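Please open the structure in the viewer and keep the selection tool at hand.

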Amino acid sequence: TISHELGIDDMGTYAHAFGLGVSTGIELVETVGNMSNAANHADYTGTTWRIGDTLQAGIGQSDSIFSPLQIAEYCATVANSGYRHSASILKAIRSYDYSEVLYERETEVLSIIQSDDWNWDAVHEGMHQVLHDWSVNAANAEWWVDCAWDVAGKTGTAQKGEKITNDGIFMCYAPFDDPEVAIAVVVERGGSAAYVLCQFSFFMLFSLLLTWGRQTSIGVVLMLILLTVDYHQLLDVKWGKSFRRALATGIHFFLIYAVLLVLVSIAVIILAYFRGNIEM
């Protein structure tokens with residue numbers, strides 16, 4: 001296999017270059033996780049490293065522990081054909097009245113993975129077909145065919161062990177030809193859940209499109225709803241929780257955010273009135 005020929009040391013070097021098991025560069029405290037390696041394997045398992053562990057690491061298992069942000073940065077690196085940019089919560093610092101830009105953050109490249117263009121093209125096309133190939137992924141394609149952006153993505157499953165429901169993972173980037181956004185979705189105990197994760201990411205992108213399309217309040221509210229609904233109730237029927245309870249949860253939070261939206265809108269109108277921007 002490729003992982004056996006590459007070896008765990010070189011595999012770790014490439015994983016770190018993609019942002020897995022290392023800092024994302026964000027200005028917050030973060031846990032960097034771990035890319036499987038022989039040096040600290042005993043700390044996790046109490047056993048010595050074997051060739052089977054290398055094969056497990058090659059498919060993302062063994063001792064590998066990655067955060068959703070690392071997966072998103074990894075996805076963005078693939079989308080950028082090997083250029084890994086630092087994650088950040090800061091775009092710019094402005095004066096109190098927004099009239100002056102005091103500081104504007106510059107793009108920071110943390111690492112570059114060198115490879116021929118045809119290699120990147122093959123990976124990009126493969127991720128595109130995951131969401132658009134009707135012959136093998138009709139359930140995914142049915143959701144993404146009407147998306148305003150052309151999206152590429154990949155589903156995944158983090159196996160937890162015997163008698164433990166797996167975690168569902170999905171990552172995607174868009175637009176396909178000129179990437180601007182990378183998203184990673186992790187649903188604990190969600191199973192493989194590729195279909196539901198695709199729906200979740202679809203609505204996240206829809207929220208971003210609304211936000212960037214000057215309908216900020218609607219986009220933010222929709223994003224908050226998506227981040228709050230308990231998807232465990234939808235994904236794992238073995239837990240014995242009904243779909244009606246999950247639906248009620250979604251409706252409950254929708255009403256809360258709808259009320260908050262109205263209150264925020266009223267506050268904005270009042271503030272604009274007192275500033276003289278509008279007339280009653």
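Begin by selecting methionine 127. Setting aside neighbours within four places in sequence, this residue is in contact (heavy atoms within 4.5 Å) with Cys75, Val78, Ala152, Gly153, Lys154, Met171 and Tyr173. Apart from the core to which Met127 belongs lies another core, of 13 residues, which includes Val130, Cys147, Cys172 and Val187. A nonpolar core here is a set of buried Ala, Val, Leu, Ile, Met, Phe, Trp, Tyr and Cys residues joined through side-chain atoms within 4.5 Å. Buried means under 20% relative accessible area, exposed means over 50%, and partly exposed lies in between, with a 1.4 Å probe and protein chains only.

The model is predicted: local features need pLDDT of at least 70 and side-chain atom pairs count only at pLDDT 80 or more, whereas totals for chains, interfaces and linings use all residues. Residues are numbered from 1 along each chain as its sequence is written, and side-chain values use heavy atoms, with hydrogens and water left out.

**The whole chain**

Display the entire chain as a cartoon. It contains 11 helices and seven strands, where helices (H or I, at least four residues) and strands (E, at least two) are DSSP runs numbered from the N terminus. Of the 280 residues in the chain, 36% are buried. Among contacts with a separation of 6 or more, 55% join residues 24 or more positions apart.

**The largest core**

Which residues touch the most other members of the largest nonpolar core? Among its 16 residues, these are Met127 and Tyr173. Select helix H5 (68-79), helix H6 (117-132) and strand E6 (167-174) together, for each supplies at least two residues of this core. H5 provides the largest share, five residues. In soluble globular proteins, nonpolar side chains tend to be buried together.

**Helix H6**

Trp120, His124, Met127, His128, Val130 and Leu131 of H6 are buried. Viewed down the helix axis, the buried residues fall within an arc of 150°, so they line one face of H6; the arc is that of the directions from the helix axis to the C-beta atoms. On the other side of H6, Trp118 and Asp121 are exposed.

Move to methionine 171, which is found in strand E6. Methionine 171 counts as buried because its relative accessibility is 8%. Leaving out residues up to four places away in sequence, it touches Ile71, Tyr74, Cys75, Met127, Ala152, Gly153, Lys154, Ile183 and Ala184. Methionine 171 and valine 185 are 14 residues apart along the chain, and their C-alpha atoms are separated by 6.2 Å.

Next, select alanine 174 and proline 175. The peptide bond between them is cis, with omega near -10°. Proline 175 is placed in the loop between E6 and strand E7 (181-187).

**Aromatic rings**

How many aromatic pairs does a search of the whole structure find? There are four, a pair being rings of Phe, Tyr and Trp (its six-membered ring) whose centres lie within 6.5 Å; planes under 30 degrees apart count as stacked, over 60 as edge-to-face and the rest as tilted. Tyrosine 173 and phenylalanine 176 form a stacked pair, 6.4 Å centre to centre with 25° between the planes. Both residues of this pair, tyrosine 173 and phenylalanine 176, are buried. Select Phe18, Tyr74 and Trp120 as well: they form one aromatic cluster.

Turn to threonine 77 in helix H5. Its relative accessibility is 0%, so threonine 77 counts as buried. A polar atom of the threonine 77 side chain lies 2.8 Å from the backbone oxygen of glutamate 73. Beyond its neighbours within four places in sequence, threonine 77 is in contact with Phe18, Gly82, Tyr83, Arg84 and Ile113.

Finish with two loop residues. Most residues other than glycine have a negative phi. Serine 81, in the loop between H5 and strand E1 (83-85), has a positive phi near 55° and is partly exposed, with a relative accessible area of 27%. Tyrosine 98, in the loop between strand E2 (92-94) and strand E3 (101-104), has a positive phi of about 65°. At 62% relative accessibility, tyrosine 98 counts as exposed.

Terms used:
Polar contact = N/O pair within 3.5 Å; in protein donor to acceptor, adjacent residues only side chain to side chain.
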